[in-house]
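Work through the exercises below with the structure open beside you. Try each task before reading its solution.

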Amino acid sequence: MSYVPQNRNSYLDAAHGLASWLLTKDHKRIAMLYLISITIFFALGGLFAAAIRLELITPRGDLWGPDLYNKLFTLHGVVMIFFFLVPSIPATLGNFLMPIMLGTKDLAFPRINLLSWYLYVIGALITLGAIVAGGVDTGWTFYTPYSSVSSRTAVSTAAIGIFVTGFSSILTGLNFIVTTHRMRAPGLTWFRLPLFVWANYATSLVMILGTPVIAITVLLVFAERAFGLGFFDPARGGDPVLFQHLFWFYSHPAVYIMILPGMGVISELVAGMARKPVFGYSFVAFSSLAIAVLGFLVWGHHMFVSSQSLYAGLVFSIITMLVAIPSAVKTFNWTATLYKGSISWQSPTYWVIGFMGLFAIGGLTGLFLGTAGLNVHLTDSYFVVAHFHYIMVGGAIMAYMGGLHYWWPKMTGRIFNDSLSKASAILVFVGFNLTFFPQFLLGYMGMPRRYHSYPDEWQALNVLSSAGASILALGYALPAFYLTYSLFKGKLAPANPWGVKGLEWTIPSPPPTFNFEDDRQVVVDEPAYNYKPAREVHVG
Amino acid sequence: MSHAPITSVRTYVMVWVALLVLTVITYVVATFDFGMLNAPIALAVAGIKAALVVLVFMGVRYNTPLTKVVAVSGLFWLVIMFALTLNDYLTRGWLGIPGR
Amino acid sequence: MANVTESIGARQALAPEGAASAAGAHTLHGTAAGHGHHNPNLQHHFYSMEQQLEASTLGMWVFLVTEILFFGGMFLVYLVYRMLYPEAWVLGSNHLDVAMGAINTVVLLCSSLTMVLAVRAAQVGSRQGQVINLVLTIVFGLTFLVVKYFEYAEKFEHHLVPGPNFDMTLPQAAQQQLFFSIYFMMTGIHAIHMIIGIGLMLVILWMAWRGRFSPDYYGPLEVSGLYWHFVDVVWIFLFPLLYLLGAHYGAH
């Protein structure tokens, strides 16, 4: 790279050469390594999505054939969830910003941080091996006994890949928890922390408590396939529903791993773009913890029709209603923050507004699905697909993009083209709704998920969905160009390009290796988002 | 470096002896049939042994409150996993609807 | 040059120097050192040895929580199937060698004692104590694995290893095979953790032999000890749950 950062003291300039990156202990460089890796897997997952939407343009399964189609949706899910969404915000923005927001030089365990990236890469390569070896056709949910006994695809390899990558998640969470507890700068009490820190902390709790269970679950599936141990095979006395309990014990909290950091980003962007403290700060902070805890008590809402007892279904359904409340609290509080704020209509604001609308729809449709009676009708239909894409793409990915843009000048020292970014946000918003809103209708009308063919009368909606997907793809492709362009030709960024509050904006862009100029100790004596209220204008 | 007091060799050896005695007790109680209480009793004895190892050998009795909370929360989350799963298995047929 | 008092809790910032680059956050000069001198083992991002040790201990405990949940998944599988197939569970348990299980339990308890004595030896500055106790810990660990090997070999001979060679003439053979699947999975993964623990202890032994640890610095030793004790605690639960189910029917 031949660009000149603003200060020759930046972490990007500290050392050169591949070894200085691959053996780095700097949390900021590790964040950049993750950024490159997850972007590659986002593109791969996107290719699988494109293949799916291409097939669904016509009612007959005439493009890929049934076996290949099964592999396409399986790999789309596996890649997007385990190799993009779960690490996305924590491993890139979290790794970069957490130590800075905590006023410290690095995370508690820098070498463990680097190890977590290597584990991600190794797990990713193993899973790529599974893809090259013919793929996996079980669905990302790996339900048994098909996955553990019958499937002739590379399930075992993929299981090992996911197992290894899970440890990447665990180590990141471990680092965040210890750093937040033990390395806050003097004066930085819990209730002065940015909400981004609260959100990543809550996410880390979920990573620690949930990920080991998916690890043992995929290991049990692997053992069943490799050694013929019949844990989940009915023919040998095993119970497939037990697999589902174990699987969803992690995989439901996993969706909170995917959305909580995004909510943290939105809190930061809302405060910054409205130049106002977040309304109800402590409610938003506690709601992150509430989501993390309650999220562990609802997994059975994925199993209403699994032959789980009806009594258990009712318990899970009631608690599912409860877990929606903290998310609603956040949404109300962000809205209240924007109200009468001095809103700056720059790029991050567009991503925030997009998030709020799409997350609201996704969250509300979760309530429909959490109602046991309705779920019987909607389960495994496109309604479910639309719901989770509204949250994970409309919510989490919009938040990720917003955060990436908001902190891009800080991380790279470059300003990107604001107009192109706004165009991307609009393209993504429009493309996303065109892609996924028809899927609510299709699901309600009865179109099952994971099917490559459908009755002719649903073609119009499917074509609309696929057309929307191409607009969505364009919206995601654009940033790849203007952000990369900015690395070479973008204006140099000042320390605080948006004019907002926060420790990260008090240091140069890009920051020096030890964040706060070598051995200086940060002291904090004010709350987060300490904006002065706008003076009231009296008329008359 | 650490402000925790250094435990004496005598204490460690006494705890070790207690653990060995409890191991014998583990076997002895298993030879009696307490019916429904078999598993809870076995787990209780194992729990006492585990508590001795955790509190004394692992030094948790001298650790910060945070470390204690972390240790307990692991166990607590395990209980959540067991409880809500058993909440399925043990309640099948409770609502009188066939097959549910 | 501002003096910064050292403690884990809130600190008083006196006469801050350096640019106050934004309201509310300012930087101080001051060397981040523990107790006025710079311990060479203090990592750059920590300001005191105490903070470093507390962070390491907390970090290991957070990791052990993940291990609790990792093994916990297998305990759940054990629990559910024990509830579904209680007789097969007793029959399976009766095939296990209680004596070997009990020996291994005692071996691990002894290894925990020597482990904690090794840490104590560092706390009182005895290099010899560290080395002797670490060697004993490793020997006990290897003993455990040797006994385990003989146990597994016996299972193999008696056609109790799940798979094509499993003795299907046993009563409730399919469910007993499930018992043995869980037995091998749980004890196998436990054994892998023992192997990792022994590897870790070999590294720690080498460091102790080289005199790396002292009353001022023994973090890696203590933290590795925590891992070792945890592996012991898992076995404390495995022994009664796997080996002693049939004990009140009279071991076979």
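**Exercise 1.** Decide whether Ala386(A) is buried or exposed, and find which residues Ala386(A) contacts beyond its sequence neighbours.

*Solution.* This is a predicted model, so every value here is computed from predicted coordinates.
- Step 1: Ala386(A) sits in helix 14 of chain A, residues 382-412.
- Step 2: Count the surroundings. Ala386(A) has 25 other C-beta atoms within 10 Å. The cut-off for buried is 20 or more, so Ala386(A) is buried.
- Step 3: List the contacts. Setting aside neighbours within four places in sequence, Ala386(A) contacts Phe436(A), Gln439(A), Phe440(A) and Gly443(A).
- Step 4: Check a distance. Ala399(A) is 13 residues from Ala386(A) in sequence, and their C-alpha atoms are 18 Å apart.

**Exercise 2.** Describe helix 5 of chain A: how its span compares with the span expected, and what its buried residues pack against.

*Solution.* 
- Step 1: The helix covers residues 110-132 of chain A, 23 residues.
- Step 2: From first C-alpha to last it reaches 33 Å, close to the 33 Å expected at 1.5 Å a residue.
- Step 3: Pick out its buried residues. Among them are Trp117(A), Tyr120(A), Gly123(A) and Ile131(A).
- Step 4: Find their partners. The buried residues pack against helix 2 (27-55), helix 3 (66-85), helix 4 (88-101) and helix 7 (155-182) of chain A.
- Step 5: Check the end. Gly134(A), just after the helix, has a positive phi of about 120°.

**Exercise 3.** Find out why chain B is more spread out than a compact globule.

*Solution.* 
- Step 1: Chain B has three helices and zero strands. Its pattern along the sequence is α-α-α.
- Step 2: Take the dimensions. The C-alpha trace of chain B spans about 65 × 35 × 10 Å along its principal axes.
- Step 3: The domain assignment gives domain 1 (1-63) and domain 2 (64-100) of chain B. Their centres, over C-alpha atoms, are 24 Å apart.
- Step 4: Check burial. Buried residues are 30% of the 100 residues in chain B.

**Exercise 4.** Characterise the side of chain A that touches chain B by its helices and residue classes.

*Solution.* 
- Step 1: The contact takes 13 residues from chain A and 14 residues from chain B.
- Step 2: On the chain A side, helix 9 (240-274) and helix 11 (310-338) each supply at least two residues. Helix 11 of chain A gives the largest share, four residues.
- Step 3: Sort by class. This side has eight nonpolar, five polar and no charged residues.

How values were computed: Residues are numbered from 1 along each chain as its sequence is written. Chains are lettered from A and ligands numbered from 1 in the order in which they are written. This is a predicted model: local features need pLDDT of at least 70, side-chain atom pairs count only at pLDDT 80 or more; totals for chains, interfaces and linings use all residues. Two residues are in contact if their C-beta atoms, placed from the backbone, lie within 7 Å. Ala, Val, Leu, Ile, Met, Phe, Trp, Tyr, Cys and Pro count as nonpolar, Asp, Glu, Lys and Arg as charged, and the others, Gly among them, as polar. Domain bounds come from an automatic or database domain assignment. The radius of gyration is taken over C-alpha atoms; the globule rule is 2.2 Å times the number of residues to the power 0.38. A residue is buried if 20 or more other C-beta atoms lie within 10 Å of its own, exposed if 12 or fewer, and partly exposed in between; C-beta atoms are placed from the backbone. The expected span of a helix is 1.5 Å times one less than its number of residues.
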